[in-house]
Amino acid sequence: MLRGAASALSRSADSAGVLVVGGLLTLLTWVVTPVWVVGVLSAPALLVSAPLALAPALVGRGYFVRVVADAGSTGNRDGAPSFVSWNRLYRDGLKSLVLSAALLAPLAALLSLAAFAVVASGVGLVDLGPAVEVAERGLGPGGPAAVAVAVAGVLVLVVAAYLLAFAYVRPAALAAFAASGRLRDGLRPGRIAAVAGSGSYATAWVVAAATLGAGYALAAPFVPLLVGVAFVFVVRVAAHALYGRGAAGAVAFDAAEPVEPSTSAGGPGAPVGAAGSRSARSGRAPGRLDGGGRPSASEASAAVQTGRTVPLDDDGEAAVDAGGFRWNGESDPADDESVGDGATDDGFEWGAGVDSEDKS
């Protein structure tokens, strides 16, 4: 499990690009987000810049959601996913942030209640005299202080236990969300319990925790050299790949990325999103897949968007894209009934030969 997850990034067809982009997003998250938070505290009007200031963090979160989804659906068969469909990465990252906030809401409420009690007693809104007298009679002069220390200790233990539970449950909820792409699935107690209670997830979580601990320790000395920042990204990719692999046995995953063009319907040149796509073959509405949360092949696949391949038709020429234009610059005659082969509506023929007498 660890070997396959750790090698996911190196097995990617564009591993160098993913590493550079991921490392840059990690660095921007560490630098821009704290600066923005400090700026908001000093000038609340900067809160309106949140969508832009948090963009690196949200895109990075969305990418890890995609890693979990890909690991759960294919076991990272083709390596780590590429940085494509950035708008979906941003939206998934925002949903991931909302998911974490929802899981931390009870702890925030408890801490707020404790802080309110301390402030209320300090300003005299609550009379602690009777409680102090009881503590002094039962425990002596140092009774009130002992009670205060005991209450603070219990609060610290509760917070520590909650954070430990959050560290275990949050990846399970993230996997439940990544499986379908629907935020409500990541907030359903039943689905979360199904993932968190599975033995494969528990094993994957322990291995991921050890991987993160060792990886952060090794990367820390090299962070000033920026090499450590990229290594942190690699470690986090491996950890999220482990989460997805561990959750695969407890929840069904949809496809994480747009599917490749089909060769069975429409021939080898079937354009992306044409009749050969998975959604067209299954009769589902464009833009949806099995679970209804992942994108279908309505846009070019990751291989096309990263420049690793160009879809070809039966004649070996670049396939027509959604806009009706070929990658080699020619328009598709089928999309313009008023022109013939190789001609455009202004009478110019892209493929017309030049007569030797016209050269002069």
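The model is predicted. The chain has 360 residues, of which 39% count as buried. Its secondary structure consists of 13 helices and zero strands. Among contacts with a sequence separation of 6 or more, 64% join residues 24 or more positions apart.

**Packing of α5 against α7**

- The axes of helices α5 and α7 come within 11 Å and cross at roughly 160°.
- Because angles over 145 degrees count as roughly antiparallel, α5 is roughly antiparallel to α7.
- The crossing in which α5 passes α7 is right-handed.
- On the α5 side, the residues that meet α7 are D92, K95, S96, L99, S100, L103, L104, P106, L107, L110, L111 and A114.
- On the α7 side, their partners are L155, V158, V159, Y162, L163, F166, R170, A173, L174 and F177.

**L99 in α5**

- L99, a residue of helix α5, is buried, with a relative accessible area of 0%.
- Beyond residues up to four places away in sequence, L99 touches A173, L174, F177, L183, G186 and L187.
- Of these, A173, L174 and F177 are also listed among the α7 residues that meet α5.
- L99 and R184 are 85 residues apart along the chain, and their C-alpha atoms are separated by 9.1 Å.

**L187 between α8 and α9**

- L187 is placed in the loop between α8 and α9.
- This residue has a relative accessibility of 36% and counts as partly exposed.
- Setting aside neighbours within four places in sequence, L187 is in contact with L99, A102 and I192.

**The buried face of α9**

- Helix α9 spans residues 189-196, and I192, V195 and A196 are buried in it.
- Viewed down the axis of α9, the buried residues fall within an arc of 95°, so they line one face of the helix.
- The elements covering the buried residues of α9 include α7 (143-180), α8 (183-186), α10 (199-219) and α11 (227-247).
- I192, one of the buried residues of α9, is also a contact of L187.

**Aromatic pairs**

- The whole structure contains eight aromatic pairs.
- One of them joins Y63 and F64 in an edge-to-face arrangement, with 6.2 Å centre to centre and 65° between the planes.
- Y63 and F64 are both buried.
- Y63 also pairs with F83: the ring centres are 4.2 Å apart and the planes stand at 15°, so this pair is stacked.
- Y63 belongs to helix α4 (residues 55-74) and F83 to the loop between α4 and α5 (86-123), so the pair ties together parts that are 20 residues apart in sequence.
- Y63 and F83 are likewise both buried.
- Through ring pairs, Y63, F64, F83, W86 and F233 are linked into a cluster.

- Most residues other than glycine have a negative phi.
- N76 is not a glycine, yet its phi is positive, at about 55°.
- N76 is situated in the loop between α4 and α5.
- With a relative accessibility of 1%, N76 counts as buried.
- The contacts of N76, apart from residues up to four places away in sequence, are A8, R11, V67, D70, A71, A241 and R245.
- L226 is not a glycine either, and it has a positive phi of about 70°.
- L226 is located in the loop between α10 and α11.
- L226 is partly exposed, with a relative accessible area of 49%.

Note on methods. Residues are numbered from 1 along each chain as its sequence is written. This is a predicted model: local features need pLDDT of at least 70, side-chain atom pairs count only at pLDDT 80 or more; totals for chains, interfaces and linings use all residues. Side-chain values use heavy atoms; hydrogens and water are left out. Rings of Phe, Tyr and Trp (its six-membered ring) pair if their centres lie within 6.5 Å; planes under 30 degrees apart count as stacked, over 60 as edge-to-face and the rest as tilted. Buried means under 20% relative accessible area, exposed over 50%, partly exposed in between (1.4 Å probe, protein chains only). Helices (H or I, at least four residues) and strands (E, at least two) are DSSP runs, numbered from the N terminus. The arc is that of the directions from the helix axis to the C-beta atoms. Contact means heavy atoms within 4.5 Å. Axes are lines fitted to C-alpha atoms, for helices over the stretch in contact, and angles run from 0 to 180 degrees between N-to-C directions. Angles under 35 degrees count as roughly parallel, over 145 as roughly antiparallel, 65 to 115 as roughly perpendicular and the rest as oblique. A crossing is left-handed if the near helix is turned anticlockwise from the far one by less than a right angle, and right-handed if clockwise.
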